[in-house]
Amino acid sequence: MEQTFTRLKNIRPSAEFQARSKMLILSSAQNQPRPFTLADLLPEMMQSSFAFGLSALMIFMMVGGISLFNRKFVSPAVLSALDANSLNNEIEKMDIQIQIAQVRYYENSAKKVEVALNETSGDALGDTDAQLRSLLNDSNL
Amino acid sequence: MIRIFNQKLSKTVLSALIVAGLFLPAARSHAQESFQSTIREIANRIGTLLMLRKNSELSPEEKLRQEITARKEAVRKIFDLTELEQSDLLSRLSGLENLNEQQEKMRTALTELVKENSNGLKEIRNRLDKADTLDDIKQLAADFKDWRTFVYNPKTEKVVAFTFVFQGKNILSVTDERLERVKNDLAEYQNSLKESDKEAEGLLAKAGTEIREAHELNGQARNIILIALNNSLFPFKNARINEKELARDIYDSKSFTEKSMQHIRKAYSIFLELGKITRSE
């Protein structure tokens with residue numbers, strides 16, 4: 001085993017291979033360092049501006065998009081004071097119509113009850129027929 | 001701990017208010033239905049009475065018996081209606097809120113007036129239970145009519161006008177809060193409104209005008225009824241109450257309150273229109 005390792009350690013390229021490899025390496029193109037010019041900067045600038053512009057466009061679209069989203073979906077919630085359901089509920093709770101109807105009820109019921117009591121007491125007046133018809137046909141106050 | 005308790009208390013109070021807010025109108029409309037169904041029953045009894053009068057097939061004795069029953073039932077239904085109205089008037093008075101000292105004094109005086117009706121109603125009920133003859137019933141109906149005309153109706157008119165004007169005032173305070181909320185919301189949203197900016201502003205101004213007019217009319221109604229009732233309930237020594245003037249004042253007050261409420265309704269239709277505009281933007 002030790003002999004095998006010693007033999008492997010002594011392996012060397014041939015002189016012909018060494019000469020050919022050296023020639024190949026020396027004949028390949030060499031990159032020489034050169035001073036930094038405006039022509040080198042321009043593509044860099046172009047790349048940065050593009051990135052900057054793209055970012056600006058994306059920000060604009062995002063803001064505009066949110067605003068549009070807000071108008072389409074959020075605004076009714078934001079303007080909760082103008083929400084139709086809430087307004088209608090409030091109108092119902094205030095029951096304006098019921099209040100007015102009840103005040104009118106008391107005006108009408110007094111007249112109708114008077115007609116009914118006239119009839120019941122037996123001293124119905126001559127023009128009571130019209131009032132009676134009103135009581136009988138229009139009992140919705 | 002106190003904070004948690006306060007939060008719980010607020011929630012309980014809020015829930016109670018919501019429940020009350022939901023059921024109060026329902027209770028009122030239920031009362032309205034009871035009035036109407038009783039009026040219909042009265043009309044049916046009078047209808048029966050008219051048919052009996054034209055009926056020539058019945059024997060005089062049977063006709064008399066049925067006539068007594070129909071008249072008695074009619075008077076009983078009118079009595080039931082009067083009792084229903086009486087409790088409605090008391091509930092209207094007790095439901096008033098935010099009254100000042102003088103108004104509170106008026107409420108107490110009016111409540112006493114309405115409660116005094118119980119004496120008259122008690123007497124009518126006793127007589128109604130005992131009335132067996134046609135003459136008894138006829139006389140009772142005539143007395144009941146006089147009592148309603150000279151005692152019951154004038155009190156009822158005062159109470160209705162008084163409570164109506166304050167119900168209108170309470171409704172106005174809810175409307176004022178709503179207007180403020182609409183203004184705030186629109187101000188926050190102002191930047192998003194473009195073409196309809198002017199239209200929204202115009203509508204908001206219009207709603208404001210309606211509410212101002214509603215306030216003005218309610219104020220006039222309140223002044224009229226408070227002066228009239230003050231003179232009627234607490235007259236100066238030997239001062240005579242002009243009943244015609246009082247009746248006119250009650251009529252005017254109710255009419256102004258009703259107009260005020262119509263303006264409030266208009267303001268709410270404008271709010272609904274504004275809501276449509278902001279949603280369509």
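Modeller: The model is predicted, and in chain B pLDDT stays under 50 over residues 9–23. For that stretch the model has one contact beyond four places in sequence. Where pLDDT is low, the predicted coordinates should not be read in detail. Chain B as a whole averages a pLDDT of 87, and 86% of its residues score at least 70. Among the elements of chain B, helix 1 (residues 2–54) has the lowest mean pLDDT, at 66, whereas helix 3 has the highest, at 96. For the model overall, the scores are ipTM 0.79 and pTM 0.71.

Chain B contains six helices and zero strands. Of its 281 residues, 30% are buried. Among contacts in chain B with a separation of 6 or more, 83% join residues 24 or more positions apart.

The largest nonpolar core has 43 residues, and B:F162, B:I225, B:I264 and B:F271 have the most contacts inside it. Both chains contribute: helix 4 (84–94) and helix 5 (96–121) of chain A each supply at least two residues, as do helices 2 (60–94), 3 (101–130), 4 (134–189), 5 (197–233) and 6 (243–280) of chain B. Helix 4 of chain B gives the most to this core, with 11 residues.

Apart from its neighbours within four places in sequence, B:F162 is in contact with B:M106, B:L110, B:I225 and B:L229.

Finally, the meeting of the two chains deserves attention. In this model, 46 residues of chain A are in contact with 53 residues of chain B. On the side of chain A that touches chain B, helix 3 (38–78), helix 4, helix 5 and helix 6 (128–137) of chain A each supply at least two residues. Helix 5 of chain A gives the most to that side, with 20 residues. By class, the side of chain A that touches chain B has 24 nonpolar, 12 polar and 10 charged residues.

Technical notes: Residues are numbered from 1 along each chain as its sequence is written. Chains are lettered from A and ligands numbered from 1 in the order in which they are written. This is a predicted model: local features need pLDDT of at least 70, side-chain atom pairs count only at pLDDT 80 or more; totals for chains, interfaces and linings use all residues. A nonpolar core is a set of buried Ala, Val, Leu, Ile, Met, Phe, Trp, Tyr and Cys residues joined through C-beta atoms within 7 Å. A residue is buried if 20 or more other C-beta atoms lie within 10 Å of its own, exposed if 12 or fewer, and partly exposed in between; C-beta atoms are placed from the backbone. Helices (H or I, at least four residues) and strands (E, at least two) are DSSP runs, numbered from the N terminus. Two residues are in contact if their C-beta atoms, placed from the backbone, lie within 7 Å. Ala, Val, Leu, Ile, Met, Phe, Trp, Tyr, Cys and Pro count as nonpolar, Asp, Glu, Lys and Arg as charged, and the others, Gly among them, as polar. pLDDT is the predictor's confidence in each residue, from 0 to 100.
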